[in-house]
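Please have the sequence and the 3D view open together while reading. The text below goes through the structure part by part.

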Amino acid sequence: MVRVEFLGPIQKEPLELEINNLNELSAVLKEDKEVSEWLESCAVAVNDALVTSLEAPLKDGDKISLLPPVCGG
Amino acid sequence: MLQLYDGALDVPTLLKEWHEEEASSNYGAYIPFVGTVRSEDGIDGLSFDIYEPILNSWFASWQKKAEEQGAIIKMAHSRGDVMLHESSYIAAVFSPKRRVALEFIDSFVEDFKASAPIWKYDLKEGKRVYAKERSTAIKGSGLLA
């Protein structure tokens, strides 16, 4: 089971999912109307480290974060 | 050093504290950047969300870059609401020489805008509206699309 958190302006409660990699997460979130429009502009972190590949395996207890466009300052 | 505060920053106090902390460190240059909320588009102020775990690791990577040039960096940012003419952001570089500090503050603030996990909202007529048009997608975004 992994936990998926939606940061900043994405108004959505965290999800708990049985998935093995980010490809599977992509498939789940594309079907989710609350989130699908954000996917194009979101960065992804696994256990608080940004990732650039969908292939890295996920393990039980991992935390995945979706980070929408930022504007500090 | 990274400091986060609820609400507006106390700019004079922070600049003074940072100056005093490094007063005997033999840095020749202290270059602060202060970001202040200005009146535009009828806003009453701005509001901020911060994701601290990734902000901390992002900041640590810049501290390391600063150290490699004999410099240090300090930053303060607000959480929550900051009203017009108050300040939400201070970044400062201390370095032995002026040129390093001037160039470093420029690249640091540019990357801060593009990469730091902070989300900005306009406060307008009692509502908190995500500043979508002024926001930047973090490098590598769209992985799940």
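The model is a predicted one.

Start with chain A. Its open sheet has five strands in the order β2-β1-β5-β3-β4, and the pairing is mixed. The edges are taken by β2 (15-17) and β4 (49-50) of chain A; each has a single partner strand, so one side of each is left without a neighbour in the sheet. Strands of a sheet pair through backbone hydrogen bonds, in either the parallel or the antiparallel sense. Both senses can be followed at β5 of chain A. Strand β1 (residues 2-6) of chain A runs parallel to β5 (residues 63-67) of chain A, and four bridges join them. In this pair, A:Arg3 has A:Lys63 as its bridge partner, and A:Glu5 stands opposite A:Ser65. Strand β3(A) is also joined to β5(A) by four bridges, but here the two run antiparallel. A:Val46 has its bridge partner in β5(A), namely A:Ile64. As for burial, β5(A) is largely enclosed by the rest of the structure, because four of its five residues are buried.

The loop between β3 and β4 of chain A contains A:Asn47. Most residues other than glycine have a negative phi. A:Asn47 is not glycine, yet its phi is positive, near 50 degrees. Is A:Asn47 buried, exposed or partly exposed? With 14 other C-beta atoms within 10 Å, A:Asn47 is partly exposed.

Helix α1 (residues 22-30) of chain A holds A:Val28. A:Val28 is likewise partly exposed, with 14 other C-beta atoms within 10 Å. Beyond four places in sequence, A:Val28 touches A:Leu17 and A:Ile19. A:Leu17 is eleven residues from A:Val28 in sequence, and their C-alpha atoms are 9.3 Å apart.

Next comes the contact between the chains. Chain A brings 25 residues to it and chain B brings 29 residues. On the chain A side, α1 and β3 (43-46) each supply at least two residues. The largest share of that side comes from α1(A), with four residues. By type, the chain A residues that touch chain B are 17 nonpolar, six polar and two charged.

Eight of the nine residues of β5(B) are buried, and the strand is mostly covered. Strand β2(B) is joined to β5(B) by eight bridges in an antiparallel arrangement, with B:Tyr30 opposite B:Phe94. Strand β4 (residues 72-83) of chain B also pairs with β5(B) in the antiparallel sense, over six bridges. B:Lys74 stands opposite B:Ala92 in β5(B). A hairpin is formed by β4(B) and β5(B), with three residues between them. In its turn, B:His85 has a positive phi of about 70 degrees.

Another positive phi in a residue other than glycine is that of B:Asp41, near 55 degrees. B:Asp41 lies in the loop between β2 (29-36) and β3 (45-50) of chain B. B:Asp41 is exposed, with 6 other C-beta atoms within 10 Å.

Helix α2 (residues 52-68) of chain B has 17 residues and spans 24 Å from its first C-alpha to its last, close to the 24 Å expected at 1.5 Å a residue. Its buried residues are B:Ile54, B:Leu55, B:Phe59, B:Trp62 and B:Ala66. They lie on the same side of α2(B), because they cover an arc of only 130 degrees around the axis. The other side of α2(B) carries the exposed residues B:Ala60, B:Ser61, B:Lys64, B:Glu67 and B:Glu68. After α2(B) comes B:Gly70, with a positive phi near 75 degrees.

The last topic is the nonpolar core. Which members of the largest nonpolar core touch the most other members? Of its 54 residues, these are A:Val44, B:Ala71, B:Ile73, B:Ala91, B:Val93 and B:Phe108. Strand β5 (residues 87-95) of chain B gives the most to this core, six residues. Neighbours within four places in sequence aside, B:Ile73 is in contact with B:Trp62, B:Gln63, B:Ala66, B:Ala91, B:Val93 and B:Phe108. Of these, B:Trp62 and B:Ala66 are among the buried residues of α2(B).

Terms used: Residues numbered from 1 in each chain as written. Chains lettered and ligands numbered in written order. Predicted model: local features only at pLDDT ≥ 70, side-chain atom pairs only at ≥ 80, totals over all residues. Core = buried A, V, L, I, M, F, W, Y, C linked by C-beta atoms within 7 Å. Buried ≥ 20, exposed ≤ 12 C-beta atoms within 10 Å, placed from the backbone. Contact = placed C-beta atoms within 7 Å. Expected span 1.5 Å × (residues − 1). Arc of directions from axis to C-beta. Nonpolar A, V, L, I, M, F, W, Y, C, P; charged D, E, K, R; others polar. Pairing = 2+ DSSP bridges.
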